[in-house]
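My notes follow in the order I checked them.

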Amino acid sequence: MTKLKYERPVIKRLNAGLMNKFGTRTEYAPVTHIEGVSVRELIRNYGSPCFVISEKQIRKNYQQAVRAFKTRYPKVQFAWSYKTNYISAVCNIFHQEGSWAEVVSIFEYQKAIQNGVPPTKIIFNGPDKSNADLKLAVENNSLIHIDHFDELYELAELTTQLKKKARVAIRVNMDTGIYPIWDRFGFNYESGQAWNAVTKIMAGEYFELVGLHCHIGTFMLSTNAYAVAASKLSELALAIRNQYGKLIQYLDLGGGFPSTNTLKGAYLPGADTVPPVADFAEAITTTILNAGFKTDELPLLILESGRVLIDDAGYLLGSVIANKRLSDGRRATIMDFGVNILFTSFWYDHKITPAQEFSHQNEDMVLFGPLCMNIDVIRESVNLPLLHKGDQVVVHKVGAYNMTQWMQFIQMRPKVVLIDSQGITHVIRNNETIETIEALEQVPDYLKKFQL
Ligand SMILES: *Cc1c(COP(=O)(O)O)cnc(C)c1O
């Protein structure tokens, strides 16, 4: 038996912080392995900090989500939201599972093409598509989701010049009972703007209106909002059928399903409060099936889920740099990762577990990152066993929006490692170095020399 850890007793000032119904106890056991691979080994081989992604978990999440929809509705297609995590190896896992690509910039569009996605299976969303971007998408027969009238007119002009039809959908925004309404993207439903866009597209010579799209928000906790959205898109599709005799091929309900992370300020942990994908599937499919489509005219249902499919497949491993006492007596622990690479710590109380055995002494503490910036706080108050310099930790559910929104600020970005379904590790994105960063810079000759 290994010797138990001893902690010197300390007198603690009582900080009456927010309690939840579990009191302030720490509920975590050490997490020493991820998918059977030792955290210590991972850090030894790939450095600290580093991101780790479980391929097994991604495939499991994806298959469960697809099953939830396909058991309820005959025609379902997922399209991977590139901005959620566009590391190519990650995208390709989704593509191997059968997912199309959903992109919101020409950079993401090119990435999908380079990953080998057939251009006809790329959905091009977003408010910023240049004339050249639109031209490429039209020539490639990609699905162009029009965001605003200026884009519609530009596309009308472009397709007329090219004498080539564009496969288009419009993005629709609407009141789903969730406020504030996300009305900055697409055409508004209630005001008649969306119908107005439809009439212009139907009158255009070089448009084929293939779909209707919405993406009503992100980390949505209300399944009913999706029922409302599905109902409004269905009504629009049926109105187009009535007015023009035109069948809409697909309804795209976007993404936005929540992962099981805990939002800051939430009373209960996310895992206890977040509806499962099946509940969203039930709300959406029941609504479409009851909307009044003839059975053989039911539209394809497209989902663009991002965070719910990847968040819990991602981990961030890191180490303790130091401990200190703040002037008010609180314990502060400084980690080697900060908001620079863990952007989602602005929204979530990420679960953090020690990666080695610990003593039974615990304390409320602030977790700081390594940046020389006051904003670099990972957790404002978390009850953890006492951590010491060199101790390692695992941050959970970081797969969504961190490996795309991270920034190279003060520190360089670390490696991303994939654990495949056999438990073998692969570097899927290397760490930055001074060379990779300097490669983009140029110093004019006259600034090359100085004397101090
Ligand atoms: C970001 C985004 C998604 C994915 O959203 P999640 O909340 O991660 O599921 C899907 N569709 C569009 C248009 C988006 O902008």
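I began with the shell around the ligand, working on a predicted model. The shell holds 16 residues, and Lys83, Thr218, Gly256, Glu304 and Tyr401 come nearest. I then sorted the shell by class. I got one nonpolar, 10 polar and five charged residues.

Gly256 uses its backbone, with a polar atom 2.8 Å from an oxygen atom of the ligand. I checked how covered the ligand is. Taken alone, the ligand exposes 390 Å², and the protein buries 95% of that.

Which pocket does the ligand take up? I find that the ligand's space is the second largest pocket.

Then I turned to the cysteines. How many disulfides does a search of the whole structure find? I noted zero. I wanted the reason for Cys50. My cut-off for a disulfide is a pair of sulfur atoms within 2.5 Å. From the other end, Cys91 is in no disulfide, with the sulfur of Cys50 as its nearest cysteine sulfur.

Is Cys50 buried or exposed? I put Cys50 down as buried, because its relative accessibility is 0%. Cys91 also counts as buried, at 0% relative accessibility.

Terms used:
Residues numbered from 1 in each chain as written. Predicted model: local features only at pLDDT ≥ 70, side-chain atom pairs only at ≥ 80, totals over all residues. Heavy atoms only, no water. Near = heavy atom within 4 Å. Polar contact = N/O pair within 3.5 Å; in protein donor to acceptor, adjacent residues only side chain to side chain. Areas by Shrake-Rupley, 256 points an atom, 1.4 Å probe, with all protein chains shown as cover. 1 Å grid on protein atoms, 1.4 Å probe; cavity = no way out; pocket = protein on both sides within 12 Å on 5 of 7 lines; lining within 4 Å. Sits in = over half its atoms within 2 Å of the grid points. Nonpolar A, V, L, I, M, F, W, Y, C, P; charged D, E, K, R; others polar. Buried < 20%, exposed > 50% of the residue type's maximum accessible area, 1.4 Å probe, protein only.
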